[in-house]
Amino acid sequence: MDFLVEGYKKFREGFYKLNKDIYEGLSEGQHPKALFITCVDSRINPSLIFNINPGDLLILRNPGNVVYAYDDEIDYSVAATVEFAVYKLSVRWIFVCGHSDCGAMRALFQEKDFFKNTPKLHEWVESNSKIRNIALDNSIEKSSDFFRKVEYQNLINSLNNLKEYPFIKELLKRNEIQIKGLYFDIKSAHVFIFDEEKNDFIIID
Ligand SMILES: [Zn+2]
């Protein structure tokens with residue numbers, strides 16, 4: 001774990017030394033500006049990409065940045081975190097962020113053998129099989145951007161499920177919460193935002 005210790009030393013000598021006041025303030029409690037739901041993928045580092053300080057972003061990750069329906073029993077962690085963010089921390093911005101080259105999306109198209117040591121991963125991926133079916137139903141050609149389309153579809157589906165959470169639905173009606181979809185392209189490090197009216201992903205510049 002040398003790399004961890006080395007990194008920690010740099011953190012203590014660098015960022016922490018320069019920002020002791022941030023940690024001092026945060027020891028009293030947190031007031032994050034937003035909840036950020038993204039994939040577990042190691043290449044997605046929201047704090048780095050958006051230049052976020054400690055305490056400013058509540059981050060929740062799972063394989064494939066999947067938000068299941070509120071009453072779905074697959075996973076409570078997203079619903080529990082959204083409740084916590086909205087009711088206990090008064091968060092009024094929620095971002096769901098997908099990304100390019102997402103393994104969880106590719107896993108949707110793997111043979112059963114691929115999951116022989118990973119039954120829980122298989123269960124997780126299969127719970128999201130709706131996305132595979134949409135992609136196959138729409139006969140998206142297996143072109144170079146096939147997986148990007150699947151990643152987009154998955155993100156839109158997660159956004160729709162989140163917007164259908166009963167309390168989120170109410171807050172949206174009253175315009176008291178904002179929900180946005182983002183997509184991170186790893187190679188270019190560009191971020192795209194989902195434009196609902198245009199039904200398209202627009203690059204942020
Ligand atoms: Zn991913």
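**Close-up views of a predicted protein chain**

**Figure 1. Contacts across the whole chain.** In this predicted model, residues 24 or more positions apart account for 62% of the contacts in the protein chain with a separation of 6 or more. The protein chain is built from 9 helices and 6 strands. Its radius of gyration is 18 Å, close to the 17 Å that the globule rule gives for 205 residues, so the chain is as compact as a globular protein of that length. The C-alpha trace spans about 55 × 50 × 35 Å along its principal axes. Of the 205 residues, 25% count as buried.

**Figure 2. The largest nonpolar core.** This core has 40 residues, and those with the most contacts inside it are Ile37, Val96, Cys97, Leu162 and Tyr183. Among the elements that each supply at least two residues of the core are strands S1 (34-39) and S3 (93-99) and helix H8 (146-163). The largest share, 5 residues, comes from H8. In soluble globular proteins, nonpolar side chains tend to be buried together.

**Figure 3. The surroundings of Tyr183.** Which residues is Tyr183 in contact with, leaving aside its neighbours within four places in sequence? They are Cys97, Gly98, His99, Glu151, Tyr152, Leu155, Phe192 and Phe201.

**Figure 4. Helix H1.** Helix H1 covers residues 2-18, 17 residues in total. From its first C-alpha to its last it reaches 24 Å, close to the 24 Å expected at 1.5 Å a residue. At Phe11, H1 bends by about 40 degrees. Is H1 largely buried or in the open? The number of its 17 residues that are buried is 0, so H1 lies largely in the open.

Technical notes: Residues are numbered from 1 along each chain as its sequence is written. This is a predicted model: local features need pLDDT of at least 70, side-chain atom pairs count only at pLDDT 80 or more; totals for chains, interfaces and linings use all residues. Helices (H or I, at least four residues) and strands (E, at least two) are DSSP runs, numbered from the N terminus. The radius of gyration is taken over C-alpha atoms; the globule rule is 2.2 Å times the number of residues to the power 0.38. A residue is buried if 20 or more other C-beta atoms lie within 10 Å of its own, exposed if 12 or fewer, and partly exposed in between; C-beta atoms are placed from the backbone. Two residues are in contact if their C-beta atoms, placed from the backbone, lie within 7 Å. A nonpolar core is a set of buried Ala, Val, Leu, Ile, Met, Phe, Trp, Tyr and Cys residues joined through C-beta atoms within 7 Å. The expected span of a helix is 1.5 Å times one less than its number of residues. The bend at a residue is the angle between axes fitted to the seven residues ending there and the seven starting there.
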